[in-house]
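Hi,

Here is the structure I promised to pass on. Have a look at it first, and then read on for what turned up.

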Amino acid sequence: MLLTARQAERRLMLLTALRWVPVGVTFGLTVLLPLERGLTLTEVGVLLSVQGFVVLGLELPTGGLADTFGRRPVLVVAGIIGVAATALFVVADGFVWFAAAILLQGVFRALDSGPLEAWFVDAATAAEPDYPLERTLSRAGTVLGLGIAGGALAGGGLVAWAPVPGWSPLVLPFLVALAGAIGSTLATAVLVREPPRRRHRATKPGAAASADRPAAPVAAFRLLRRSPVLRALIAVEVFWAVAMVAFESLTPVRLAEVLGGEDAAGAVFGPASAAAWALFAAGAFVAGRASRRIGVVTTAMVARVLNGLFVVAMGVAAGPIGLLSAYGLAYLTHGAAGPLHNVLLHREADANTRATVLSANSMVAGGVYSVGLLVLLPLAEAAGTGAAVIVAGAFSILGVFCYLPARRAERGGAPA
């Protein structure tokens with residue numbers, strides 16, 4: 001039985017919350033736990049880049065799997081691998097074991113990137129062809145931000161509480177996140193429902209399979225080749241991902257420097273990141289409203305420029321208050337830009353290429369993020385985290401020019 005658009009929206013909101021609350025619980029601790037167990041900052045940068053390169057290699061194949069075989073089986077397999085990755089991270093001791101956990105986490109991210117949103121868009125537009133995607137995807141961004149904010153607040157509280165003598169305060173949040181990941185996987189298996197994907201067969205005995213519907217990655221590549229708008233939108237990630245290295249990976253390191261230790265940074269970073277993700281949620285909500293007045297592309301462009309400027313402000317801010325204030329504003333604009341960027345991607349895709357297009361976008365982001373880690377973390381060790389953050393923010397502002405083809409298309413009344 002087909003879902004109504006409203007039913008699909010409610011399920012999207014619930015599954016989004018369940019997916020991202022566990023991420024919030026360990027937000028920032030993924031960097032701090034390996035440092036506490038003896039790894040250097042450069043080694044942590046290499047570890048995180050491993051995840052990015054795994055995502056880079058698997059994004060398109062996994063997006064093709066979701067477009068070909070369905071969103072639900074890919075999401076369930078992703079959840080199982082995510083649970084295994086979190087469990088291994090808890091017990092990892094040394095570079096090799098952390099690398100194995102990060103590798104599994106990269107496989108999970110590649111499988112998980114896009115299928116849930118693609119499932120919702122297909123379900124909603126099947127029920128209502130003119131369904132306003134920007135409204136619901138902005139709301140989903142709000143739920144995502146609030147979920148991570150609540151999880152981060154809980155994670156910081158767990159670090160400060162440290163109820164188990166002899167345990168590192170950083171371990172308990174990962175155990176809580178593990179339980180949450182199991183619950184999210186079970187809920188996905190129950191709530192995501194879709195019609196079976198039909199296998200296209202030849203119309204005559206011995207004839208080749210129908211060429212009317214090429215394999216999903218092939219169709220996505222064809223779409224990418226003929227759509228300058230789509231190529232430019234994906235190029236935005238080259239710049240955006242560099243800024244993300246600054247406000248995701250370098251902020252807890254800088255905070256540990258200011259406060260004098262990883263445990264102190266973990267306790268403070270929990271509430272700080274909770275506030276930042278609450279601002280992310282507010283940014284997504286405001287962007288959904290603003291896009292109705294000034295257009296989706298213009299709103300995304302304004303958010304992109306402001307995000308880069310606030311990242312630069314993180315680098316020049318003196319003291320923890322200035323750093324965390326700019327950090328929160330960077331997340332406000334990050335939340336505003338993300339859902340609208342995805343709306344623009346959906347405008348260029350269809351049901352046969354939707355997950356693959358989202359995966360291509362994530363593939364570029366993951367690859368650039370990994371390269372950014374390999375460049376910015378050694379730069380932070382050599383010249384200070386402030387200099388590395390300023391470089392990242394200034395570079396990311398240039399990504400606004402990649403929205404110009406989509407702006408021309410929007411003003412023309414149709415996608416390219």
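Helices here are DSSP runs of H or I with at least four residues, numbered from the N terminus. One thing to keep in mind throughout: this is a predicted model.

With that numbering, let's start in a loop. Alanine 162 sits between helix 7 (133–161) and helix 8 (172–191). Its phi is positive, about 45°, although the residue is not a glycine.

Now the helix packing. I looked at two pairs, and I'd start with helix 12 (residues 296–316) and helix 15 (residues 385–397). Their axes come within 7 Å and cross at roughly 165°. Angles over 145 degrees count as roughly antiparallel, so that is the label for helix 12 and helix 15. The crossing of helix 12 past helix 15 is left-handed. On the helix 12 side, the contact is made by Arg304, Val305, Gly308, Leu309, Val311, Val312, Met314, Gly315 and Val316. Helix 15 brings Gly386, Val389, Ile390, Gly393, Ala394, Ser396 and Ile397 to the contact. By type, that contact has 10 nonpolar residues, five polar ones and one charged one.

The other pair is helix 7 and helix 13 (residues 319–348). Here the axes are 9 Å apart and the packing angle is about 140°. Helix 7 and helix 13 are therefore oblique to each other. Helix 7 passes helix 13 in a right-handed crossing. From helix 7, the residues in contact are Leu133, Glu134, Leu137, Ser138 and Gly141, and they meet Pro339, Leu340, Val343 and His346 of helix 13. This contact splits into five nonpolar, three polar and one charged residue.

Next, the nonpolar cores. Which residues touch the most other members of the largest one? They are Phe120, Phe247, Trp277, Met314, Tyr327, Tyr331 and Tyr403, in a core of 113 residues. Helix 10 (residues 228–259) gives the most to this core, with 18 residues. A second, separate core has 10 residues, including Ala78, Ile81, Leu111 and Ala355.

Setting aside residues up to four places away in sequence, tryptophan 277 touches Phe27, Leu144, Gly145, Leu146, Ile148, Ala149 and Tyr331.

Valine 229 lies in helix 10 and is buried, with a relative accessible area of 4%. In sequence, valine 229 and leucine 344 are 115 residues apart, but their C-alpha atoms are 9.0 Å apart in space.

Leucine 374 belongs to helix 14 (residues 354–383). With a relative accessible area of 38%, leucine 374 is partly exposed. Neighbours within four places in sequence aside, leucine 374 is in contact with Gly45, Val46, Ser49 and Phe53. From leucine 374 to leucine 146 there are 228 residues in sequence and 30 Å in space, C-alpha to C-alpha.

Cheers

Technical notes. Residues are numbered from 1 along each chain as its sequence is written. This is a predicted model: local features need pLDDT of at least 70, side-chain atom pairs count only at pLDDT 80 or more; totals for chains, interfaces and linings use all residues. Side-chain values use heavy atoms; hydrogens and water are left out. Axes are lines fitted to C-alpha atoms, for helices over the stretch in contact, and angles run from 0 to 180 degrees between N-to-C directions. Angles under 35 degrees count as roughly parallel, over 145 as roughly antiparallel, 65 to 115 as roughly perpendicular and the rest as oblique. A crossing is left-handed if the near helix is turned anticlockwise from the far one by less than a right angle, and right-handed if clockwise. Contact means heavy atoms within 4.5 Å. Ala, Val, Leu, Ile, Met, Phe, Trp, Tyr, Cys and Pro count as nonpolar, Asp, Glu, Lys and Arg as charged, and the others, Gly among them, as polar. Buried means under 20% relative accessible area, exposed over 50%, partly exposed in between (1.4 Å probe, protein chains only). A nonpolar core is a set of buried Ala, Val, Leu, Ile, Met, Phe, Trp, Tyr and Cys residues joined through side-chain atoms within 4.5 Å.
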